[in-house]
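Subject: Structure for your review

Dear colleague,

Please find below the structure that I am handing over to you. A short account of the findings comes after it.

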Amino acid sequence: IDFDAMRERFGQLAFDMIDTDQPLDVPVAYALARMGDEKLLNAGKSAGFIQLNNDKIRFTHQLMLEYFAAEGLYRVGVETRIAEPEVKSYWREAQKWDQVVIALSGTFEEPDNLINQIGEIDPFLAANCVTSKIVVQNTCKETIINNLIRFREARGATKLVVNSLAKIDIPLSAQVLIEFLGNYIRQITTVAIDALVKLSPISIPALIEALLHANNANIRENSAKALGIIGEADTVPYLLQALSDPSLDVCLATINSLSTIGDSRAVPYLVDIILNNDDFNLRYFAIDAIKDFNDPETIPVLLQVLREPPDAMLASMIADEAEASLASLGVLAIPAMIDLLGSPDREIAIRVLSQIGESAIQPLQQALNSQNELVNESAVEALGYIGVSAVPTLIDVLNHPYIKVRCSAAKSLGKIGDS
């Protein structure tokens, strides 16, 4: 039996089953009315297209049904069955012909005309066709994008438009998505950021252009966020430029992105903000960000901040954040803190070492061998703040030659026991 004849007849059967909302199993009589020849049914069974069970027939797989239905749909024309999209609660309502249309698109070597025809009616479905790895020209993708733009102001369709644009991997998609970064609804901007991240690296040039030149501050801010999530080191010079943006929110987003990327080129710029900028938020964010670089060269900078008089609540918050950033350096900060135990900055060192915790116990134990009694007392105090894990060391200190150090160790053990 000629395969083309089989494809045509089974195509008619599958098309009618979907068109008339039949169940997956249909009576043999229903099939014969469309096939016209029982030999075709037996041939289809032998080929694995269908299953016969008594007086019922069904396609062996949903994909098989859709493949043959695509043959029938092609003959009548997709425009006769697909409809304008229905958007409810930010989602497109699925239509019964969706998968058949996608299957049909996959049967063409050059499906551009078909995709354009689909896109004029339902650009969301056209975008889904492109997502299924069907190869089309960029001009076809641009047509889909222009059709999607028609729906961006439709009620409830904005999120759907953004998600659909993320499926079309050409620069025009990114350029259109940039506009959504200025949307006043946070959910939309979040989805747009995610879409631009998915489109990277195609989206990176558009994001850089928007970061540096967009008139809308929200677009600049969200462009910085997207670049940070993408995490490409080549974007760092442009993010560094954005630290001079007149918008505080853009600068804060840029600091976060530089922190996420973790490129050391950002450290001098963050240090400059910490030491020379008067804005509390910028300083606070920069201090918080600088710990992500694990750079021991930042220790003197953070110490300089901690030496500032905490004459107001905001200054105290800055100091607390600087202290936390120092402690986050962990073992990298321990030598510098040990050196401060006998200095006017001993209280800073004690607090930082206690936050570092167990990693600081051995260096503090070694500091107890110092001939400087103040160093010894500071080391014991830090061990006391570390807590239970420092108890064995503190017990040993009870035999220390300096009575003040022994007394301090006893007090620390008492406090640990009380807690």
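The notes below cover a sheet, the aromatic pairs, one arginine and the salt bridges.

This is a predicted model, in which local features need pLDDT of at least 70 and side-chain atom pairs count only at pLDDT 80 or more, while totals for chains, interfaces and linings use all residues. Residues are numbered from 1 along each chain as its sequence is written, and side-chain values use heavy atoms, with hydrogens and water left out.

Sheet

Helices (H or I, at least four residues) and strands (E, at least two) are DSSP runs, numbered from the N terminus. Two strands are taken to pair if DSSP finds at least two bridges between them. Three strands form an open sheet in the order 1-3-2, and their pairing is antiparallel. Strand 1 (26-27) and strand 2 (50-53) are at the edges with a single partner strand each, so one side of each has no neighbour in the sheet. Strand 2 and strand 3 (residues 56-59) run antiparallel and are joined by four bridges. L52 has I57 in strand 3 as its bridge partner.

Aromatic pairs

Rings of Phe, Tyr and Trp (its six-membered ring) pair if their centres lie within 6.5 Å; planes under 30 degrees apart count as stacked, over 60 as edge-to-face and the rest as tilted. The whole structure contains 11 aromatic pairs. For F3 and F49, the ring centres are 6.3 Å apart and the planes stand at 65 degrees, so this pair is edge-to-face. It links distant parts of the chain, with F3 in helix 1 (residues 3-19) and F49 in the loop between helix 3 (38-47) and strand 2, 46 residues apart.

Accessibility is classed as buried under 20% relative accessible area, exposed over 50% and partly exposed in between (1.4 Å probe, protein chains only). F3 is partly exposed at 38%, and F49 is buried at 12%. F49 also forms an edge-to-face pair with F68, at 5.1 Å centre to centre and 65 degrees between the planes. F68 lies in helix 4 (residues 62-76) and F49 in the loop between helix 3 and strand 2, so this pair ties together parts 19 residues apart in sequence. Ring pairs join F3, F10, F49, F59, Y67 and F68 in a cluster.

A buried arginine

R220 belongs to helix 13 (residues 217-230) and is buried, with a relative accessible area of 10%. Its side chain reaches the backbone oxygen of A214 at 2.9 Å.

Salt bridges

A salt bridge is a side-chain nitrogen of Lys or Arg within 4 Å of a carboxyl oxygen of Asp or Glu. The structure holds 20 of these salt bridges. In the one between R81 and D19, the closest N and O atoms are 2.8 Å apart. R81 is in the loop between helix 4 and strand 4 (87-88) and D19 in helix 1, so the pair ties together parts 62 residues apart in sequence. D25 and R58 form another, with the closest N and O atoms 3.0 Å apart. Here D25 is in the loop between helix 1 and strand 1, and R58 is in strand 3, 33 residues apart.

D345 and R307 also meet in a salt bridge (2.8 Å, N to O). D345 is buried, at 13% relative accessible area, whereas R307 is partly exposed, at 46%. Finally, a network of salt bridges links D4, R7, E71 and R75.

Yours sincerely

Note on methods
Polar contact = N/O pair within 3.5 Å; in protein donor to acceptor, adjacent residues only side chain to side chain.
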